[in-house]
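Here is a short briefing on one protein chain. Look at the structure, then read the points below.

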Amino acid sequence: MIKAVEGTKQKLSDYCEVNRCSNGGICVMGAGEPFICICPDGFTGDTCNETETGPCNPNPCTNDGACAVTGHRRRGDVFSEYVCRCQPGFDGVHCQNSKPLLNLSSVLDAVRADYTR
């Protein structure tokens, strides 16, 4: 099969030979496009040459919370499956809430006071 491209004739199978996909992407002939690259997880772009940002890049967690991907489902262009693992003393979806740490000596004092009554 021959197709005219910018005034030249080129076999359709040649598109994937000259338009290489990067980072392990797979080149396939596209409908309406001369070729498309199917990119592996973590890469995007016409030739898989761009690093895909995910739910944890940049880190949505505050107060040194650790972001963990829990799945690869998307809602539109937004990743919807991640959780923030908060440092001690913080909670909330994005570790945005500070919570008081228990003071062990005050807890022991309260227990002793109850015991001695």
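The points below cover confidence, disulfides and a surface patch.

This is a predicted model: local features need pLDDT of at least 70, side-chain atom pairs count only at pLDDT 80 or more, and totals for chains, interfaces and linings use all residues. Residues are numbered from 1 along each chain as its sequence is written, and side-chain values use heavy atoms, leaving out hydrogens and water.

**Confidence**
- pLDDT is the predictor's confidence in each residue, from 0 to 100.
- The chain averages a pLDDT of 76, and 67% of the residues score at least 70.
- Over residues 1–10, pLDDT stays under 50.

**Disulfides**
- A disulfide is a pair of cysteine sulfur atoms within 2.5 Å.
- The count comes to 6 disulfides.
- One of them links Cys21 and Cys37, with sulfur atoms 2.0 Å apart.
- The torsion about the S-S bond of Cys21 and Cys37 is about -90°, so this disulfide is left-handed.
- Cys37 is buried, with a relative accessible area of 13% (buried means under 20%, exposed over 50%, partly exposed in between, with a 1.4 Å probe and protein chains only).
- Another disulfide joins Cys39 to Cys48, S to S 2.1 Å.
- Cys39 is partly exposed at 24%, while Cys48 is buried at 0%.

**Surface patch**
- Ile26, Ile36 and Ile38 make a nonpolar surface patch of about 270 Å².
- Ile26 counts as exposed, because its relative accessibility is 53%.

Methods
Patches are made of residues with over 30% relative accessible area and no salt bridge: like charges are joined within 9 Å, nonpolar side chains (Val, Leu, Ile, Met, Phe, Trp, Tyr) within 5 Å. Accessible areas come from the Shrake-Rupley method with a 1.4 Å probe; for residues, only the protein chains shown count as cover. A salt bridge is a side-chain nitrogen of Lys or Arg within 4 Å of a carboxyl oxygen of Asp or Glu. Contact means heavy atoms within 4.5 Å.
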